[in-house]
Amino acid sequence: MAVPDHRMARCLVPLPDESLPGFALRLGDRLHLPPGHILWRLGLLGAQATATLAPSGRLFFIDPVKRERLARIIGTTPQSVDQLTLHPLASRFPPVAHALSLPRPAGELPKPRQIAPPWILSSFSRYCPHCLAGDGSAIQQRHGGPWLRRWRLATSFACVKHRVFLEHQCPGCHRPSGLTLNGSWPGSLLLIGNPGLEGLHPAACRGNEAGRPGVICGHRLDQPANAPMRPLPQNLADLQSRLDHLFDEETAPEDAFAAFADLQTITAVVLATWPAMADMVTADQKAAVDEHLAAQEKRLPGFVAQSAPRDDGVFWTYLPRSSIGAAAVLSVADQLLGLPDGELGQELGRLAPRCPERDNKRWGATWKLLDKDTTLARRAVVQQSLRKRARPRTPPKPGPVARSSPRSSPSRSNTAMVSLPRTSPRNYPTSGSGSSGRMRTARSRLTRAGSGARPRSCSSRPPKR
């Protein structure tokens, strides 16, 4: 049966930063059709009208032919269709570029990897209940607000607009929200969970209840949970705002790419040496990171890298699933990267005795990413401080690392920013004393991005794409 290619009646317009799965859910709700049928009608499945299982690769990329057709069907432009996927973020966010195997030979289309790299939430989505409830407009009152594309990135831990941490699991069934894992792994990640099921609100949990096969949870994720949502501290709201701004047009793509690459390398070091820097976060943030690492240790004995969802792996390159845990790790790495290179080297030097050997498999692709994506300045500091340093004969005692001066306090914790190489020191004042070893706010990439300014030069740029 040929898929119709004429424009759909009563279609919806994609909302800003809406993901393809979210758009299909809202359109299915409007037309009283299962989202799997909507994906078929949009030309994203096979020719059979009974086909409903869309592969998760559509989350990343839609080829130009299907993109043109889909744009014609919903009455928009191919560029707007592309914005439903993660593909436009590839020039700014290294994990998306790696997921699409970029760069590729001229004329060859990107091809999503079967297993997504760390920092992309391929099997579930975080969410803000307030955003899913809609903005009060008539169309969003009927069909709810958008499932945002950015919620699929591990660096999105908060909704700055509503001042809350994002949720990562359904409060009804306590399973990951938006779970798309279909049976066994690998090759079973879907674009939408239970896509043949109709009648559920776009904001309803589509997961199966644990221990009850065939029973759909259906809990409305746009409604407040019984437990009050944790308020978002100002320092973490500022960090999320700066990270979000790296995706804005005012920020040069190469600057955003370099900032995320540096951040990804340092977060792996933070997790590999945890709890050495746990005194830089609050007790609940520390507990969330502890829980994440304990879960990894539990999965480690039988873990096979190619047979598990990559957003639930055991490598130190993975951020915690919980938003609070992810925020904790990102904030520590953010503070480290806010230091001048000399002080960053000293801090990493104190972590060196706690670092696992470089050939430890739990580093994952850390060293490959360091050589490929990290800026030259940060790469040199990490290599000199960690990779060339001899390991101690006996493991160090657990606990925080001794430092030459206090580095965290309620007024200073989590306030530093991911930094650019300091090519233009003017007009970017620092705070705190100049003594060695003290965490202080440095001239940063995110500060420059927030002000719309561009550095004169970068020490490293991502490969052309």
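Select F60 and show what surrounds it: apart from neighbours within four places in sequence, F60 is in contact with T85, L86, H87, A99, L100, P112, A116 and I120. Contact here means heavy atoms within 4.5 Å.

Before moving on, some ground rules. This is a predicted model, in which local features need pLDDT of at least 70 and side-chain atom pairs count only at pLDDT 80 or more, while totals for chains, interfaces and linings use all residues. Residues are numbered from 1 along each chain as its sequence is written, and side-chain values use heavy atoms, with hydrogens and water left out.

**Colour by confidence.** The pLDDT is the predictor's confidence in each residue, from 0 to 100. Its mean over the chain is 80, and 76% of the residues reach 70 or more. Over residues 389–394 the pLDDT is below 50, and this stretch has ten contacts in the model beyond near neighbours in sequence. Now select residues 404–465, where pLDDT stays under 50 and the model has 165 contacts beyond four places in sequence. Where pLDDT is low, the predicted coordinates should not be read in detail.

**Show the whole chain as a cartoon.** The chain has 15 helices and two strands. These are DSSP runs numbered from the N terminus: helices are H or I with at least four residues, strands are E with at least two. Of the 465 residues, 56% count as buried. Buried means under 20% relative accessible area, exposed means over 50%, and partly exposed is in between (1.4 Å probe, protein chains only).

**Select the core.** The largest nonpolar core has 113 residues, and F60 is among those with the most contacts inside it, together with L42, V96, W151 and F157. Helix α9 (residues 253–272) gives the largest share of this core, eleven residues. A nonpolar core is a set of buried Ala, Val, Leu, Ile, Met, Phe, Trp, Tyr and Cys residues joined through side-chain atoms within 4.5 Å.

**Go to H98.** This residue is found in helix α5 (residues 94–99). Is H98 buried or exposed? H98 counts as buried because its relative accessibility is 13%. Its side chain and that of D373 are joined by a polar contact of 2.9 Å. A polar contact is a pair of N or O atoms within 3.5 Å; within protein, one must be able to donate a hydrogen and the other to accept it, and residues adjacent in sequence count only if both atoms are side-chain atoms. Not counting residues up to four places away in sequence, H98 also touches R113, P117, L369 and K372, among others.

**Go to Q79.** Q79 sits in helix α4 (residues 78–82). With a relative accessible area of 56%, Q79 is exposed.

**Select helix α8, residues 234–245.** Nine of its twelve residues are buried, so α8 is largely enclosed by the rest of the structure. Among the buried ones are L236, L239 and L243.

**Finish with the backbone.** Most residues other than glycine have a negative phi, and most peptide bonds are trans. Select W274 and P275: the peptide bond between them is cis, with omega about 15°. P275 is in the loop between α9 and α10 (283–299). Next select R10, a non-glycine residue with a positive phi of about 60°, in the segment before α1 (20–31). R10 is partly exposed, at 48% relative accessibility. The last stop is H174, where phi is positive, near 60°, in a residue other than glycine. H174 lies in the loop between β2 (164–165) and α8, and at 54% relative accessibility H174 counts as exposed.
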